[in-house]
Amino acid sequence: MHNGQVPTPAQTAVTAAVRPQVRLAPLKDGLAPEKRALAEDLRQVFLALGISVRRYAARRFLNASSVTRYLSGERLPPWDFVAGVIADVQDAQCPLTPEAEEALRDLHRQALKSHRPSSKAQALQDRLAEADDETRRITTRQRALEEALRDRESRLEHVRGRVRNLETSIEGQQLTHRAELEIWQGEYTRLQEECGDLQEQVIYLQESLAVARAELIAAEDRCHRLEIQLETVQELGSDGHQDGDTPSIVAMLEEADRRSSVPELVRAVSDLELRTRQAMASELVRAASQSRTIEEVVGLLAALRQAGFDAHAQTALPAMVMVRSVDDTSALARELTREGLEDYVLILVQASVKFHQPESMAALAIALHRCGLPRYAESLLQAAAVVRPLPDLVSAALLLTDTELGDAVVAAMATAAAQRPLTDLVTLSITLRQACLGRYADVLQAEAAATRSAADVAEFIRSLTEHGLEADAESVFTHTQQRSVGHLVPLLHVLRDQRAWTVLAQAAESRPADDIAVLIDELYMSGRHQLATDLLMLIMDRRDTAQIRQLIGGLDGLVPGSEAIMAAATRILAPERAAALLTCLEFCGLPDHATVVFRCMVYDDLVGHAGLFLQSLGRSGSHYARLDVLRQHAHGMGVETAAHLMLALESATLTVHLDTLIQDLCLNCPVLDIVLLVSRTMAVGGPAPRSERVVRRIIDQVVDRRPVSDQAGLLSALHAAGLTKHAEHLSAQAQETHGRLFRAQLRGEHYVNDPHNGSRLLGLYDRPGRRSRRD
């Protein structure tokens, strides 16, 4: 069949085994070539049905004699009959390929052109049939379009209705939520004020509760003592002997404020513990600590710890911070340190952070520093930097900026940068700038850039920029780039603007080659191939040969290795930049890596890109553009890769290289390999003129350099493969070059393969009026 599926002998034998033998009337003599070709192909298609002419005519309600005339070529069948046979073949599970069906349609058109109707009525009848077919197709398409239009209009109206409903709903919700938001904002402000009032009341009530508990304990003790006295009086029958051995708790509190010694106080606490009066014991220690000298307080606390009453000592310390002066607190801290009670000093520091105003807190820090406890002063400021409100922190910094604790404030700002929320850091930066404390703002931002995560740093930069602190944002950005490679990779992931390119440029300028290798590998493994490629090209442009070799060696030592990264970069780069990468690798003595780039561009990329790549290599003087190197790469190529390379050479206008490659591939290979090469060239390049030019060059080389027998065999193979256009070009060129010799070889070739129909191709390609030079 023309351009179709030609049944093989095996297929014919199988068909004959399962279907009855169908006999058709012989072809009519004297048919025009076009009608004979149509009749032959139509008979081949009809035989695939495996039924007789009469049976088919009955199935289609046709006249059996008309079907016989159609199949013998005596009468030219209408296209409806041909299309019906094709449809029946498809129903019989023997479908034709689209190429074969299109070939039948072409043969039918050619037969129509060569057909001379017997009368004007016949011509008009044929034209009417064609017009009717066209009308039916247009009517069917019109109905489909009308139905689609109605469906889309209905859906559009439905969607517009939903949009209007949603707009109305959204507008109502916005108004409702805006009103609710204003109400809740006012409610929030009121609740904050109420919370502050309640906090003050809680503190007051806690103190009042402690006093009430002490009075309750004293009253219970007095009742208990009176009950004992009453029992004694009743037993002895006498009046008034009182038990003077039971101590009064009220008297204990009074004595604690006046003249009880430390051992007496410890015994009193022990007595209260034995009587399960822990709260009263704590009140007793607190009262004594608030009224005694520093030395006595230290002695009392040390004695309580030694006696196992550490909890009461710790309870008394925050109260001392609230009632005693800053000097007393610093002196107490110094004496506690001498006694080895450092944990009590920490309690004092924590209480100061919690209860002191910024002025008292700053004064206590100075006093601690001056009494030889600088680390506790630093701890006080660092704790305040983390937990105190921002205005208190700025006030304390203002008080300490010109004192010996300036460096301690710097350390406190660094701690705040590491632990405060980002919104606090932005507000604190603004407040410090406004308070003329730029030094501390710089420290705060530098520490945030050096310690916070990449996502936090990117958000910090964005917030500073939004608040008009562009210079501060740039400072943070500069500091964060000085961190390790492990920080730069996630930083590049979260940066979405020009800053990502700035990070790459800075790394390429200042980082060692080993760090660059790790950074490129991490970007590649995380899917950021474009960034990895950009950084690789920056290194190629800016570093010397030794550093580039060190970089490639570092990539080879990582997973997945430099070859995978080079391949990914080649797929991303423009052809000119890919050529520059290959040239740089070649200049640095890295031929294996240069070959990877060459193969990826020439074998895998688009044909136009590969052509630009080869042109750039030629201009740069790369040896990969030399003819001998291209021939070496072409040796052993697969057919598809060779077709790709030839198209790229044609695109690059390297005609000498292309002709040489065609000679290497086509002069000593089997004819079927040439057909496969032509087919793959058309498949890779498509119907573009570039593909046609390459195929014509292949055919011209075959005609000029291969034997006539090979040319005749190639013509048959091209025709069988459906490459009719190229078969015609081969026939024309061969006849023009070899004349009768080619026609004789062609006639013998077809009679050997098909004695009955061997003249058909010769009749098709040996057209009247075409004469060769040898004729």
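Student: Where is phenylalanine 61 found?
Tutor: Phenylalanine 61 sits in the loop between α3 (53–60) and α4 (64–72). Helices here are DSSP runs of H or I of at least four residues, strands are runs of E of at least two, and both are numbered from the N terminus. This is a predicted model, where local features need pLDDT of at least 70, side-chain atom pairs count only at pLDDT 80 or more, and totals for chains, interfaces and linings use all residues. Residues are numbered from 1 along each chain as its sequence is written, and side-chain values use heavy atoms, leaving out hydrogens and water.

Student: Buried or exposed, that phenylalanine 61?
Tutor: Phenylalanine 61 is exposed, at a relative accessible area of 78%. Exposed means over 50% relative accessible area, buried under 20%, and partly exposed in between (1.4 Å probe, protein chains only).

Student: And what is the phi of phenylalanine 61?
Tutor: Phenylalanine 61 is not a glycine, yet its phi is positive, about 60 degrees. Most residues other than glycine have a negative phi. Threonine 653 also has a positive phi, about 55 degrees, without being a glycine.

Student: Where is threonine 653 found?
Tutor: In the loop between α33 (639–651) and α34 (655–666). Threonine 653 counts as exposed, with 58% relative accessibility.

Student: OK, peptide bonds now. Which residues does a cis peptide bond join?
Tutor: Valine 559 and proline 560, with omega about 15 degrees. Proline 560 has its place in the loop between α27 (545–556) and α28 (562–572).

Student: Zooming out, how many helices and strands does the protein have?
Tutor: There are 40 helices and zero strands. Of the 775 residues, 42% are buried. Taking contacts between residues at least 6 apart in sequence, 71% join residues at least 24 apart. Contact means heavy atoms within 4.5 Å.

Student: Let's talk packing. At what angle do α11 and α13 pack?
Tutor: Helix α11 (residues 294–306) packs on helix α13 (residues 326–338) at about 45 degrees, with the axes 10 Å apart. Axes are lines fitted to C-alpha atoms, for helices over the stretch in contact, and angles run from 0 to 180 degrees between N-to-C directions. The two helices are therefore oblique to each other; under 35 degrees counts as roughly parallel, over 145 as roughly antiparallel, 65 to 115 as roughly perpendicular and the rest as oblique.

Student: Which residues meet there?
Tutor: From α11, Ile294, Val297, Val298 and Leu301 meet Asp328, Ala331, Leu332, Glu335 and Leu336 of α13. By class, that contact of α11 with α13 has seven nonpolar, no polar and two charged residues. Ala, Val, Leu, Ile, Met, Phe, Trp, Tyr, Cys and Pro count as nonpolar, Asp, Glu, Lys and Arg as charged, and the others, Gly among them, as polar.

Student: What about α19 and α21, at what angle do they pack?
Tutor: Helix α19 (residues 422–434) and helix α21 (residues 454–466) are at about 40 degrees, their axes 10 Å apart. That makes α19 oblique to α21. Leu422, Leu425, Val426 and Ser429 of α19 make the contact with Asp456, Glu459, Phe460, Ser463 and Leu464 of α21.
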